[in-house]
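Open the model in your viewer and show it as a cartoon. We will go from stop to stop, selecting as we go.

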Amino acid sequence: MASSLPPSPVTILCKGILFDMDGVLISSLGSVERSWTRWAEMRGIDPAYALSIIHGRRSIESVAFLRPDLDAETENGSLERWRFDDKEG
């Protein structure tokens, strides 16, 4: 049976590429956990407790759950900046 694959690489012209950041191509777990640890320490929360509840929910919801007395949008903004600025690993 003959192969249906082309004999040489295929060139595809496109305007952009969308990368999925859920751990399939790049794992952001370290950055997320470092950011949350920093946030928790600054807000008087046990980092291990914070890390035990953040996964599987939106960060703004986690902030509101952990520190309902703080402005969730402002706090979430800090977390997002720290995560995006994290270059470790």
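Is the crossing where α3 passes α4 left-handed or right-handed? Select both helices and look. The crossing of α3 with α4 is right-handed. Keep in mind that this is a predicted model.

**Stop 1: the helix pair**

Colour residues 59–66 for helix α3 and residues 72–85 for helix α4. Two packed helices are described by the angle between their axes and the distance between the axes. Here the angle is about 125 degrees, and the axes lie 9 Å apart. An angle of about 125 degrees makes α3 oblique to α4, because it falls between the roughly perpendicular range of 65 to 115 and the roughly antiparallel range over 145.

Now show side chains. On α3, select Ser59, Ile60, Val63 and Ala64, which make the contact. On α4, select Ala72, Glu73, Glu75, Asn76, Leu79 and Glu80. By class, this contact of α3 with α4 has five nonpolar, two polar and three charged residues.

**Stop 2: Arg43**

Stay with Glu75 and find its partner. The side chain of Arg43 makes a polar contact with the side chain of Glu75, at 2.5 Å. Arg43 sits in the loop between α1 and α2. Setting aside neighbours within four places in sequence, Arg43 is in contact with Arg67, Leu70 and Glu75.

**Stop 3: Gly30**

Select helix α1, residues 29–42, and pick out Gly30. Is Gly30 buried, partly exposed or exposed? Its relative accessibility is 30%, so Gly30 counts as partly exposed. Gly30 and Arg83 are 53 residues apart along the chain, and their C-alpha atoms are separated by 9.2 Å.

Definitions and conventions: Residues are numbered from 1 along each chain as its sequence is written. This is a predicted model: local features need pLDDT of at least 70, side-chain atom pairs count only at pLDDT 80 or more; totals for chains, interfaces and linings use all residues. Side-chain values use heavy atoms; hydrogens and water are left out. Axes are lines fitted to C-alpha atoms, for helices over the stretch in contact, and angles run from 0 to 180 degrees between N-to-C directions. Helices (H or I, at least four residues) and strands (E, at least two) are DSSP runs, numbered from the N terminus. Angles under 35 degrees count as roughly parallel, over 145 as roughly antiparallel, 65 to 115 as roughly perpendicular and the rest as oblique. A crossing is left-handed if the near helix is turned anticlockwise from the far one by less than a right angle, and right-handed if clockwise. Contact means heavy atoms within 4.5 Å. Ala, Val, Leu, Ile, Met, Phe, Trp, Tyr, Cys and Pro count as nonpolar, Asp, Glu, Lys and Arg as charged, and the others, Gly among them, as polar. Buried means under 20% relative accessible area, exposed over 50%, partly exposed in between (1.4 Å probe, protein chains only). A polar contact is a pair of N or O atoms within 3.5 Å; within protein, one must be able to donate a hydrogen and the other to accept it, and residues adjacent in sequence count only if both atoms are side-chain atoms.
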